[in-house]
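We will go stop by stop.

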Amino acid sequence: MPRHFTIASVAAVALLASACSQGSATRGATSVDGKVTLRYLTFSAAPDHVKDLDTIEKAFEKENPNVDVVVETAPFDQYFTKLQTSIAGGTAPDAFELNYENFVTYASAGSLLDLATVAGDGDPSVYAQESLNAFKRDGKQYALPASFSTVVLFYNKDLFDKAGVAPPTADWTWADEQAAAVKLTDKKKGVFGDFQPVQFFEFYKTLKQAGGEFLTADGKKSAFDSPQGVKAATWLVSKVGKTMPTEAEIGGTADYDTNLFKSGKLAMWHNGIWQFAGLKDVPFEWDVVVEPGDTAKASAVFHNAVAASSTTKHGKEAWAWARFLSASATAATTRIQSSWELPPISDQQVLSGYLKDPKPANRQAVFDSLTSIALPPVIKRQQEMQDAVTKELGEAAAGRTSVADALKAAAAEVDALLG
């Protein structure tokens with residue numbers, strides 16, 4: 001399996017299939033009442049898109065009356081613990097959502113069903129070849145790509161206007177962001193200029209923005225304990241306690257940054273386009289731009305897919321559900337209308353609807369961000385790698401160690417995982 005794939009621009013989206021296709025479950029699996037009960041576990045639907053998933057589910061069940069899809073949700077920070085526990089305990093859901101970063105781990109462990117063994121009719125060209133290849137391992141298709149999303153810079157236009165600070169532009173650099181964040185921070189009023197979590201997902205991206213690489217070209221050793229790595233980590237750590245809250249101020253509060261932005265007390269926020277729907281009714285004006293870079297632009301792009309458990313007794317139905325959820329016209333339209341990430345389709349008429357939504361006004365930034373991508377490094381022991389980097393960066397952010405020492409320790413831990 002290739003380490004990554006690239007969706008380089010809106011044109012790349014256009015490489016996707018010429019039409020959507022809806023899968024149909026085959027009969028054969030049984031249950032007490034003659035219906036197949038198919039359990040599906042997801043993290044991206046809750047809390048803002050449960051109704052949207054319900055719309056897709058009902059359309060699927062209408063087309064496949066012998067299948068009853070039972071949806072289970074879990075927040076992202078608990079999702080993989082729940083999934084791993086269910087697999088280990090022999091109670092895995094029939095189908096479940098996987099992000100690109102964790103796909104390798106589950107495929108390597110034998111936890112996923114080879115979908116080619118249960119696939120019904122359906123033209124594979126509805127997906128970009130790169131998308132399909134990303135969710136293959138050893139030549140087998142273990143998941144179907146369902147969506148992609150990007151990270152952008154959100155900003156509170158009202159706070160910028162009140163402070164007399166020019167709003168962000170696509171040409172901004174780290175220095176521009178820092179200068180604005182300082183002017184916008186007013187701790188007496190509880191207003192912070194910036195929020196960018198000090199953790200793995202932000203580090204590999206800022207590392208790319210600084211001109212560095214996370215792993216060596218052959219993927220066998222870490223490469224982030226470098227001058228570029230120190231620069232990237234320093235950029236993240238230097239915000240803590242100055243233009244963004246400390247861990248002590250956050251106090252372990254869930255969704256602290258989301259609530260801070262929604263309350264009108266956060267000027268800039270590094271986050272994903274999945275937040276759009278939850279900001280529809282905030283009492284202030286806001287917009288987005290492509291994230292600032294340093295020596296280069298680099299935006300994080302996340303890909304989610306639908307896989308089936310290797311132990312499911314309903315493989316054909318699981319495939320049909322995965323196909324419908326990832327490639328049907330219903331799913332694509334529902335995602336676009338609700339700003340639930342972006343579907344992997346080529347229907348330009350559907351995609352144009354995404355750009356027409358007035359909030360945020362600069363939705364073009366979502367596609368512009370695809371021109372310079374920072375893809376996450378992927379190894380078999382993915383979660384351990386993420387945790388190791390986040391832990392050491394947290395030590396530096398708390399002032400318990402230097403940035404250089406934190407990166408040195410993280411690199412040693414990652415090298416051990418690669419060994």
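Select Pro47. Pro47 sits in the loop between β1 (36-42) and α2 (50-63). Helices (H or I, at least four residues) and strands (E, at least two) are DSSP runs, numbered from the N terminus. Now show the bond between Ala46 and Pro47: a cis peptide bond, with omega about 0°.

A word on the model: it is predicted, local features need pLDDT of at least 70, side-chain atom pairs count only at pLDDT 80 or more, and totals for chains, interfaces and linings use all residues. Residues are numbered from 1 along each chain as its sequence is written, and side-chain values use heavy atoms, leaving out hydrogens and water.

Next, select Pro360, in the loop between α14 (348-356) and α15 (364-368). Lys359 and Pro360 are joined by a cis peptide bond, with omega about -10°.

Go to Ser339, in the loop between α13 (329-338) and α14. Ser339 is not a glycine, and its phi is positive, near 60°. Is Ser339 buried or exposed? It is buried, at 1% relative accessible area. Buried means under 20% relative accessible area, exposed over 50%, partly exposed in between (1.4 Å probe, protein chains only).

Glu341 lies in the loop between α13 and α14. Its phi is about 55°, positive in a non-glycine residue. Glu341 is buried at 5%.

Now pick strand β8 (residues 286-289). Trp286 and Val288 are buried on one side, Asp287 and Val289 on the other. Strands pair if DSSP finds at least two bridges between them. Click Leu153; its bridge partner in β8 is Val289.

Last stop: Lys183, in helix α7 (residues 174-184). Lys183 is exposed, at 61% relative accessibility.
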